[in-house]
Amino acid sequence: MKNSLVILLCFIAGVALSSLQIIPRYDDSIGLYILYALMFLVGIGIGCDLSSLSSPIKKYRFKIILVPLATIVGTIAACALFALFCPLALRETIAIGCGFGYYSLSAILLNGLAGADIGTIALICNLSRELITLLTIPLLARYCGKLAPIAAAGATSIDTTLPLISRTLGKEYIVIAIFHGVIVDMSVPLLIGLLYL
Amino acid sequence: MFCVLLIMLSGILIGYFLRHFRIIPLITSKVSIYIIYLLLFVMGLSVGNNPQVIHHFGGLGALGITIAVVSTAGSVALSWVVYRYLFKPHK
């Protein structure tokens, strides 16, 4: 819980400092290098204990495929239901949800396919999904089952949210999160492309 | 994504060679939380710098946040079913 609070404060501090232009210009690629450093550390953690990579695969086998499937179907079903009550059309609502937290890609794709407004909603929606997940990982793990943080993370379960997922759920879930992240990641352009055929 | 995987793989390799030093996993988990904080701070910086996000915090933004909550809830609900029936250790 303490971690979630500090994470929220760090994010708010960043937004405040840059929107008030206290930190004027900065290079957007810094975030990417920080992410790389983080993934390197996660890798070292796995390398020290390689059984954490192989034992869940042996234990769960084909069941692992159901995890990304649940994430994708769950999001599409929830968005379809929500479309009944919101001003957007069914296709747009589902397409926005199908960013699965991959905000850079989904915003660019939908900007081109559905216009600037939908692109903006997709950007904010998927950015929010990433933040919601980062803030609620401990809560989700405690009350909604150990797969819940991975499902909430969507496409980000392979990058930004992975370190926190492994801290909270334990090493056993790292390989599930990576597999989940790869599949959901690839499904983003695929699903959005299919919706706008 | 592939770049991230490649970097993680190189970490795994180095971690494997260093696996006899029991202090390494303790250090990496201690350091990683501070890097997560830094990452969120930088994410905040780029959101604050992004006029598309800042200017639309009202109408479009609220709709976006609602869809985020709804879709996350949908995924979490289904994942709970999968966890409950297929993953949870039986007593």
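Biologist: How many of the residues of helix H9 of chain A are buried?

Modeller: A residue is buried if 20 or more other C-beta atoms lie within 10 Å of its own, exposed if 12 or fewer, and partly exposed in between, with C-beta atoms placed from the backbone; helices are DSSP runs (H or I, at least four residues), numbered from the N terminus. H9(A) is mostly covered, since six of its eight residues are buried, namely A:Leu162, A:Pro163, A:Leu164, A:Ile165, A:Ser166 and A:Leu169. This is a predicted model, in which local features need pLDDT of at least 70 and side-chain atom pairs count only at pLDDT 80 or more, whereas totals for chains, interfaces and linings use all residues. Residues are numbered from 1 along each chain as its sequence is written, and chains are lettered from A and ligands numbered from 1 in the order in which they are written.

Biologist: What do the buried residues of H9(A) pack against?

Modeller: Contact here requires that the C-beta atoms of two residues, placed from the backbone, lie within 7 Å. By that criterion the buried residues of H9(A) pack against H2, H7, H8 and helix H10 (174-195) of chain A, together with H2 of chain B.

Biologist: How many residues does the contact take from chain A and from chain B?

Modeller: It takes 81 residues from chain A and 64 residues from chain B. H2(A) gives the most to the side of chain A that touches chain B, with 17 residues.

Biologist: At roughly what angle do the axes of H2 of chain A and H2 of chain B cross?

Modeller: Axes are lines fitted to C-alpha atoms, for helices over the stretch in contact, and angles run from 0 to 180 degrees between N-to-C directions. The axes of H2 (residues 29-48) of chain A and H2 (residues 23-49) of chain B come within 9 Å and cross at roughly 160°. That makes H2(A) roughly antiparallel to H2(B), a label for angles over 145 degrees.

Biologist: Which residues other than glycine have a positive phi?

Modeller: Most residues other than glycine have a negative phi. A:Arg61 has a phi near 45° and is placed in the loop between helix H3 (51-60) and H4 of chain A, while A:Phe100, with a positive phi of about 50°, lies in the loop between H5 and helix H6 (103-114) of chain A.

Biologist: Is A:Arg61 buried or exposed, and is A:Phe100 buried or exposed?

Modeller: A:Arg61 counts as exposed because it has 9 C-beta neighbours inside 10 Å, whereas A:Phe100 has 31 C-beta neighbours inside 10 Å and therefore counts as buried.

Methods
Helices (H or I, at least four residues) and strands (E, at least two) are DSSP runs, numbered from the N terminus. Angles under 35 degrees count as roughly parallel, over 145 as roughly antiparallel, 65 to 115 as roughly perpendicular and the rest as oblique.
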